[in-house]
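Hello,

Here is the structure I promised to pass on to you. My notes on what turned up in it follow just below.

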Amino acid sequence: MPQERRKVENAAAKAVEDSKVTAAYACRDLVSKRLKDPESAKWERPWYSDAKISEGGVRFGVQITGRSKNSFGAYTLSVFDCDLRRVGDNWQAIRIKENGK
């Protein structure tokens, strides 16, 4: 019995970890659409908050940091906070905010 429980817990932990990764990519995609030059974006490793599981599905907070070109062609560093909700196989943005703005 304990071995079966461990398998279930490991499978659940893997599902949460997989969701974190896909949430980070969704955040990058959503933020990239807002950039002046999306192709110039250079992303650093994302930071995750704990998953929140509610009736509306799984929610994640993801913070990504990256550099991209501004209107003058200079690279600027930006930090974005994304609150995302899993809806079926897709991620839906609840809130995207650039820190400092």
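**The cavity and its lining**

Sorted by class, the residues lining the largest cavity are four nonpolar, three polar and two charged. In this sorting, Ala, Val, Leu, Ile, Met, Phe, Trp, Tyr, Cys and Pro count as nonpolar, Asp, Glu, Lys and Arg as charged, and the others, Gly among them, as polar.

Before going further, a word on the source. This is a predicted model, in which local features need pLDDT of at least 70 and side-chain atom pairs count only at pLDDT 80 or more, while totals for chains, interfaces and linings use all residues. Residues are numbered from 1 along each chain as its sequence is written, and side-chain values use heavy atoms, with hydrogens and water left out.

Back to the cavity. The structure holds one cavity of 30 Å³ or more, and the space in the largest cavity is about 40 Å³. A cavity here is a set of points, on a 1 Å grid over the protein atoms alone, where a 1.4 Å probe fits but cannot get out; lining residues have an atom within 4 Å of a point. Grid points are joined across faces, edges and corners, and the volume is the space filled by probe spheres set on the points.

Which residues line the largest cavity? They are Leu35, Ala41, Lys42, Trp43, Gly66, Arg67, Ser68, Ser78 and Phe80. Strands β1 (42–43), β4 (57–69) and β5 each give two or more residues to this lining. The largest share, three residues, comes from β4.

**The overall layout**

The protein has one helix and six strands, in the order α-β-β-β-β-β-β along the sequence. Helices (H or I, at least four residues) and strands (E, at least two) are DSSP runs, numbered from the N terminus.

Of the 101 residues in the protein, 26% are buried. Buried means under 20% relative accessible area, exposed over 50%, and partly exposed in between (1.4 Å probe, protein chains only). The protein exposes about 7200 Å², with carbon and sulfur atoms supplying 50% of it; these areas come from the Shrake-Rupley method with a 1.4 Å probe.

Among contacts (heavy atoms within 4.5 Å) between residues at least 6 apart in sequence, 43% join residues at least 24 apart.

**The disulfide**

Taking a disulfide as a pair of cysteine sulfur atoms within 2.5 Å, the count comes to one. Cys27 is joined to Cys82, with 2.0 Å from S to S. This pair links distant parts of the chain, 55 residues apart: Cys27 is in helix α1 (residues 2–32) and Cys82 in strand β5 (residues 75–87). The link of Cys27 and Cys82 is right-handed, with 65° about the S-S bond.

Are the two cysteines buried or exposed? Cys27 counts as buried because its relative accessibility is 0%, and Cys82 counts as buried because its value is 1%.

Ala41, one of the lining residues, lies in the loop between α1 and β1. Leaving aside neighbours within four places in sequence, Ala41 is in contact with Leu35, Arg67 and Ser68. The C-alpha atoms of Ala41 and Val31, ten residues apart along the chain, are separated by 9.9 Å.

Not counting residues up to four places away in sequence, Tyr75 touches Ser40, Lys42, Arg67, Ser68 and Lys69. With 38% relative accessibility, Tyr75 counts as partly exposed.

**Two more positions**

Lys36 is also in the loop between α1 and β1. Its relative accessible area is 67%, so Lys36 is exposed. Lys36 and Asn70 are 34 residues apart in sequence and 6.1 Å apart in space, C-alpha to C-alpha. Beyond residues up to four places away in sequence, Lys36 touches Lys69 and Ser71.

Val58 lies in strand β4 and, at 24% relative accessibility, counts as partly exposed. Its C-alpha atom is separated by 9.5 Å from that of Trp91, 33 residues apart along the chain.

Best wishes

Definitions and conventions
1 Å grid on protein atoms, 1.4 Å probe; cavity = no way out; pocket = protein on both sides within 12 Å on 5 of 7 lines; lining within 4 Å.
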